[in-house]
Amino acid sequence: MKKSLIRQLKSEDWVIVGAGAAILLLALLFPRWMPAMPKDLSSAGNWMSAGAMFLFLLVLTGVCQRILGRPLRRFAVSLLAIFGVALLSQAVASIPAIKRLGFEAVFFSVIFGLVISNFFRVPEWLKPAIQSEFYIKIGIVCLGATILFGEVLQSGVYALIQAFIVVFTVWYFAFWLARRMRVDEETSTMLASSVSICGVSAAIATCGVIRGDNKKLSYIISLVLVCAVPMMYVMPWLAGLLLPTVVANPETVQEVAGAWMGGTIDTTGAVVASGALLGETAEQTAIIVKSSQNVLLGIAAFVISLYWSYKGQKKRQRPSVRVIWERFPKFVVGFVAVSLLFSLFFAGNEAAPARTSAKMFSNTLFNIAFVCIGLETRFRDIFSKENRRTFWAFMTAQMFNIVVTLIVAYLLFGVLKPYLN
């Protein structure tokens, strides 16, 4: 019994949860001593911060590799190269002109990885640390510390109601449409989550939950990021054109517009930028609605995990709690547990530095993971004939999302809220 427990705890699932827990525990105990990923490399201090972050991740991932019995030969050199590309992606995304366009660091992480893998040969010494799923799952556990249920409830019940209606309606439609268009089930699930919940984070979490193909994930992420850029500019223009014809109060116009953009644009940076184009009220409402949908990521991941765990059993095998638990991805348990723990006990200002650190580690691990995804992906796979159906399914689902969210936002923020107030 004891040996069996030790063997389970040494599995990748539980090692990932342990790695995420270690980061969060250190962030709570020693917030001032935690390394930080610099946004640019313009000073010696920023280079030192980057070095400290690399050493921290090297020790953490090295210990994990040792526990999992994986070879450490060339691992440090490989991780250093991948970390360097991720650092470059972060620096490029922070350039003011590029930041205004809404491109996030993960976009450049994938692009740089793709360039290396498609125009050059990935050398053998670079391969040991190419473990995208491993980094993604640790990042998701850390992400749980930033999802505080109390903040969303305090921010507005209308935003939460909209999030529930939109997420479940759009998810079901997107999945149904993709399957009708003969998109495979893995891709359909990731596509539906990305369109309906919160873009990049939802696609990443869903891929981890269903143990999906990273090449398919890379394509979905590319669609999310590329689509978010024109939406960031077009939607404020459409809101300013359409909403004043049906809503008289300018303040209410901004609330409806913010709720509309917060519920449809799939990256947080683009949501903030688009809201700011209309005004402070629109920006605040957009952020609140986006945060409400982010909270539903945990619930959606849990439900999808249950479905895929149950689905994975043999058809003639009687469903059992034990079998489902064995197949259930433990990093989802870690994500939900961390979110509940921080919501109940570490939601105050005294734990704010720990939550900031957790968010920063999550973003850094995602950047590293997407460098790895780029290194594992070939252009011919992304732009194959098969992905044409995925493209049209994504675009159609996004159009459905835009229309449904506009209707719901108008009814809640433009009709019900003014009437009750």
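**Notes on ring pairs and cavities**

1. Rings of Phe, Tyr and Trp (its six-membered ring) pair if their centres lie within 6.5 Å; planes under 30 degrees apart count as stacked, over 60 as edge-to-face and the rest as tilted.

2. Before going on, please keep in mind that this is a predicted model, where local features need pLDDT of at least 70, side-chain atom pairs count only at pLDDT 80 or more, and totals for chains, interfaces and linings use all residues. Residues are numbered from 1 along each chain as its sequence is written, and side-chain values use heavy atoms, with hydrogens and water left out.

3. Across the whole structure, a search finds 11 aromatic pairs. One of them is F108 with F112: the ring centres are 6.2 Å apart and the planes are at 35°, so this pair is tilted. Both residues sit in helix α6 (residues 105-119), four residues apart, which puts about one helical turn between them. Helices here (H or I, at least four residues) are DSSP runs, numbered from the N terminus.

4. Buried means under 20% relative accessible area, exposed over 50%, and partly exposed in between (1.4 Å probe, protein chains only).

5. Helix α9 (residues 157-180) holds both, three residues apart, about one turn of the helix. W176 is partly exposed, at 39% relative accessible area.

6. The whole structure has two cavities of 30 Å³ or more. On a 1 Å grid over the protein atoms alone, a cavity is a set of points where a 1.4 Å probe fits but cannot get out; lining residues have an atom within 4 Å of a point. Grid points are joined across faces, edges and corners, and a volume is the space filled by probe spheres set on the points.

7. The largest cavity has a volume of about 40 Å³. Its lining is made of I140, A205, L297, A301, F331, V332 and F335, and α17 gives the largest share, three residues.

8. The second largest cavity holds about 30 Å³ of space. Among its lining residues are V106, F107 and S222, and α6 contributes the most, with four residues.

Definitions and conventions:
Helices (H or I, at least four residues) and strands (E, at least two) are DSSP runs, numbered from the N terminus. On a 1 Å grid over the protein atoms alone, a cavity is a set of points where a 1.4 Å probe fits but cannot get out, and a pocket is an open set with protein on both sides within 12 Å along at least five of seven lines; lining residues have an atom within 4 Å of a point.
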